[in-house]
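Please look over the sequence and the structure shown here before reading on.

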Amino acid sequence: VASSFAAAGTTRDFGSVSLGVTGGFQMWTLPALEDAIRLRADELAIDGFDLGDHSYDLTYAYGAELQVRLSRSWFARAQFDWTRLTLEDRDRQFLQFLGGGQRTPISVSYTTRVQTRPVIASFGLGHSWQATSVRFGLSGNLVVAPMKVEDKLSVFMETDTVSEVRATGTGVGGEFAASVDYYTDASMNLYVE
């Protein structure tokens, strides 16, 4: 849903500035990271630990979009998305060590989190075509994705030993977006992208 702000005295028309707020779910594919987690789980499986799922599920995401009309046909666009993905697993085994007369309980758990730092942003220009109460748009955008990965492995054997690795980086890419705006009688649009 986008709210459209038009100049005073404007008749039924799209406003010069539109602000949209979104919320929903995203699905990410992170094969290199998932393969690294799977490899670690395979190594721990030699000692009997069963650390199961190695893929990220659906996650929540929030966003905001700003459009500024440069003319009736052209617009500038900025969009921001915030999200977090977390993969967690834990298992416990009783292992016997050399020289030990009893089996010792060992708990292994890990948490791997991928997060935006702070948001994924896209900026671009678009062209639109208007037909009565509907406006169709196409835009090309530069995407900047600052991300952070935190990986924490915890092994509990009488005392807790924690190994933590953090990595940050910024990806740059591009996207093409198609959109449809439907103008309502209120100062609000229905917007699909």
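Strands, marked E, are DSSP runs of at least two residues, numbered from the N terminus, and by this naming Leu-66 lies in strand E3. The model discussed here is a predicted one.

**Nonpolar patch on the surface**

- A nonpolar patch on the surface is formed by Leu-19, Val-21, Leu-66, Val-68, Leu-70, Trp-74 and Leu-125, which together have about 640 Å² of accessible area.
- Two or more residues of the nonpolar patch come from each of strand E2 (17-26) and strand E3 (59-69).
- Leu-66, one of the residues of this patch, counts as partly exposed because its relative accessibility is 35%, a value between the limits of 20% for buried and 50% for exposed.

**Cavity**

- Rolling a probe the size of a water molecule over the atoms shows where empty space is left.
- The structure holds one cavity of 30 Å³ or more, and the volume of the largest cavity is about 30 Å³.
- The largest cavity is lined by Gln-67, Arg-69, Phe-75, Ser-128, Arg-135, Phe-136, Gly-137, Ser-179, Asp-181 and Tyr-191, a lining that divides into three nonpolar, four polar and three charged residues.
- At least two residues of this lining are supplied by each of E3, strand E7 (134-157) and E8, and the largest share, three residues, comes from E7.

**Second largest pocket**

- The second largest pocket, with a volume of about 200 Å³, has a lining made up of four nonpolar, five polar and three charged residues.
- Among the residues that line the second largest pocket are Gln-26, Trp-28, Asp-81, Ile-120, Glu-175 and Glu-193.
- Strand E4 (74-96), strand E6 (120-131) and strand E8 (159-183) are the elements that give two or more residues to the lining of the second largest pocket.

**Backbone features**

- Most residues other than glycine have a negative phi, and most peptide bonds are trans.
- Arg-117 and Pro-118 are joined by a cis peptide bond with an omega of about -5°, and Pro-118 is found in the loop between strand E5 (103-116) and E6.
- Glu-158, a residue other than glycine, has a positive phi near 70°, and its place is in the loop between E7 and E8.
- Is Glu-158 buried or exposed? Glu-158 counts as exposed, because its relative accessibility is 68%, and exposed means over 50%.

**Salt bridges**

- Side chains of opposite charge can pair when their charged atoms come close, and the structure holds nine salt bridges.
- In the salt bridge between Arg-40 and Asp-151, the closest N and O atoms are 2.7 Å apart; this pair links distant parts of the chain, with Arg-40 in helix H1 (residues 31-45) and Asp-151 in strand E7, 111 residues apart.
- Both Arg-40 and Asp-151 are buried.
- Arg-77 forms a salt bridge with Glu-65, where the closest N and O atoms are 3.0 Å apart, and this pair joins strand E4, which holds Arg-77, to strand E3, which holds Glu-65, across 12 residues.
- Arg-135 and Asp-181 meet through their side chains in a salt bridge of 2.8 Å, N to O; because Arg-135 lies in strand E7 and Asp-181 in strand E8, the pair ties together parts that are 46 residues apart in sequence.
- Arg-135 counts as buried because its relative accessibility is 4%, and Asp-181 counts as buried because its value is 3%; buried means under 20%.

Technical notes: Residues numbered from 1 in each chain as written. Predicted model: local features only at pLDDT ≥ 70, side-chain atom pairs only at ≥ 80, totals over all residues. Heavy atoms only, no water. 1 Å grid on protein atoms, 1.4 Å probe; cavity = no way out; pocket = protein on both sides within 12 Å on 5 of 7 lines; lining within 4 Å. Points joined across faces, edges and corners; volume = space filled by probe spheres on them. Helix = DSSP H or I, 4+ residues; strand = E, 2+ residues; numbered from the N terminus. Nonpolar A, V, L, I, M, F, W, Y, C, P; charged D, E, K, R; others polar. Patch = residues over 30% accessible without salt bridge, like charges linked within 9 Å, V, L, I, M, F, W, Y side chains within 5 Å. Areas by Shrake-Rupley, 256 points an atom, 1.4 Å probe, with all protein chains shown as cover. Salt bridge = Lys/Arg side-chain N within 4 Å of Asp/Glu carboxyl O. Buried < 20%, exposed > 50% of the residue type's maximum accessible area, 1.4 Å probe, protein only.
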